[in-house]
Amino acid sequence: MRYQLGPSVAQTAVRILTEAGIRRVYAVMGESFLELLDNLQAERSINVVSARHDTGAAFMAEADGKLTDQPALLLASRGPSAANLAIGVQTAFQDETPMIVLLETPATTPQSTVSLPTADLTAMFEPIAKWSGRTDDPSEVPGLLVEAINNARMGRPGPAVLAVPSDAWGVPFDSAKPVAAIKQRQTGALGRSAEAVAQLVDDARYPVVIVGGRARSAREELMAAADELGFSVYNAFRRQDAFPENHARYAGHLGLGIPARQLDALERADLVLALGASLDEVTTQGYRYPTPSQTLVMVGTGMAETRRRGLTFRIDSEVEPFIKELRVVAKPRARRASAANAAVHTFMTPPDTSQNARVHPVDVIRVLRKLAPEDTIVTSDAGNFAQFMHRYWMFTAPRSQLGPSNAAMGYAVPAAVAAKLAEPRRTVVAMVGDGGTLMTGQEIDTAVRYRAPIIVVVFQNGLHGTYAMHQARAHGRLSGVSIGLVDFASWARGLGAAGYTVDDRDELGPIIASALVRQRPCVIDVRTDPDVVTPDVRLSGLLGASRPAPQTE
């Protein structure tokens with residue numbers, strides 16, 4: 001194949017990435033993508049972040065895209081490196097997060113050096129990617145990269161995976177070959193759609209809104225619409241920053257352990273508007289809502305089909321322009337705020353824990369929320385400890401929550417690193433259990449190297465608390481859930497971060513205050529009571545009063 005003399009495939013790819021607004025690349029550096037990495041390093045507008053593990057890199061790229069609404073680039077070699085990306089890519093797919101993934105495939109020409117054979121896992125990503133492509137022709141790489149970027153951002157955002165031969169990047173690119181343009185987001189259908197929904201809103205007695213992550217950009221418009229049109233507003237699971245939780249029209253977070261009184265508005269609704277929300281199992285409270293008698297309007301681009309009994313309308317539009325149009329055509333109406341608003345404030349009020357002998361998880365949230373800035377970005381793992389954050393933090397600032405809806409452990413620390421790199425002026429706090437900390441916590445070293453002063457709060461109770469709770473409920477006994485005590489403060493100092501240990505609630509305030517002003521990554525190892533597994537459940541109560549909760553020391 002003949003090429004006109006011109007820039008290499010790698011140089012062309014970097015130009016495309018720059019024009020698309022890609023600002024960060026995450027990878028575990030190795031011999032893969034040598035030419036591409038060399039050209040990326042020379043591009044000042046793009047920051048290349050070298051992680052300690054591929055899974056950490058994948059979570060960083062996902063968190064970056066979730067926070068900024070712009071895809072980050074994720075690189076992986078063949079075999080184990082590609083396999084390690086799977087959980088982060090699946091998280092992006094489920095959470096509708098834009099992401100670009102480049103995989104290395106075997107070279108198109110025989111190599112002079114001897115290398116170990118590795119599996120090509122390109123096909124593994126097809127079920128968990130919005131779009132996937134592969135080529136063995138270097139001349140096709142730039143065009144496919146543009147296609148990947150467009151697919152990651154357009155319609156329903158998600159991960160786009162492109163597999164490229166390892167020797168393609170240094171090949172000269174035919175500069176005369178046309179390459180498609182980067183597309184801009186389209187607003188979608190408005191006009192008559194907004195008028196039709198406005199008629200439904202005008203006729204409804206109790207309209208309720210469920211807000212998802214893709215409605216974050218419509219926050220101001222949504223607050224105005226809630227006031228003008230009398231909506232009660234719920235935030236979808238782990239999307240509590242989409243609508244301020246201190247707003248008078250706020251009805252609650254559709255997460256785990258939500259009491260019936262907080263579901264009052266949703267139970268009584270005759271019209272449900274799902275704005276940029278994925279109606280997953282948790283958000284729908286086990287697919288209970290919307291009920292068949294409730295009319296459902298789903299607003300968002302590229303929405304997946306849903307199977308439900310009941311009248312359903314789908315509006316293919318970005319949320320913000322749709323809400324703007326709806327405010328113009330719908331009639332302002334004063335509707336009484338549901339009892340759910342009063343119930344949610346009661347639900348979110350921290351209880352008195354002064355009689356607790358050991359540090360209660362509520363103590364941690366209470367002190368952190370008091371001392372941390374209003375716009376602090378909170379990243380969290382899966383685990384029972386997260387229920388305390390969901391219930392008592394009260395998210396009031398936009399784009400302040402990063403958490404996976406797929407129960408992925410090991411997310412919080414890498415996500416915090418990415419959040420601090422994307423928003424260096426904001427305080428970033430990672431909340432993680434002791435189990436998740438040792439899955440990807442080595443990315444604290446990445447925070448040290450890139451001077452990203454994150455605060456990692458480890459809720460250490462010596463248990464896999466979620467599994468312990470389920471075992472206790474099902475069988476009245478525990479098996480394999482004890483994980484022992486770890487000195488996370490010393491471990492953090494070994495990685496170059498500051499490390500603190502908290503055994504007493506009186507130590508929380510001074511230590512958290514100190515960490516907030518340190519200009520280096522900090523790890524706060526909080527030894528919490530293992531008996532307190534959720535805000536409403538004690539392990540001893542599940543096991544029986546005659547059996548004490550397991551001790552961690």
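**View A. Five aromatic pairs turn up in this structure, one of them formed by Phe33 and Trp169.** The ring centres of Phe33 and Trp169 are 6.1 Å apart and the planes make 55 degrees, so this pair goes down as tilted. Here, rings of Phe, Tyr and Trp (its six-membered ring) pair if their centres lie within 6.5 Å, with planes under 30 degrees apart called stacked, over 60 edge-to-face and the rest tilted. The pair ties together distant parts of the chain, 136 residues apart: Phe33 is in the loop between strand S1 (24-27) and helix H2 (34-41), and Trp169 in the loop between strand S6 (159-165) and helix H7 (192-203). Helices (H or I, at least four residues) and strands (E, at least two) are DSSP runs, numbered from the N terminus. Phe33 is buried at 5% relative accessibility, and Trp169 is buried at 1%.

The model is predicted: local features need pLDDT of at least 70, side-chain atom pairs count only at pLDDT 80 or more, and totals for chains, interfaces and linings use all residues. Residues are numbered from 1 along each chain as its sequence is written, and side-chain values use heavy atoms, leaving out hydrogens and water.

**View B. Gln94 sits in helix H5 (residues 86-94).** Its 29% relative accessibility makes Gln94 partly exposed (buried is under 20% relative accessible area, exposed over 50%, partly exposed in between; 1.4 Å probe, protein chains only). Leaving aside residues up to four places away in sequence, Gln94 touches Arg156, Ser405 and Asn406 (contact: heavy atoms within 4.5 Å).

**View C. The charged end of Arg156 sits over the ring of Phe93, 5.1 Å from its centre.** That wording requires NZ of Lys or CZ of Arg within 6 Å of the ring centre and within 35 degrees of the ring normal.
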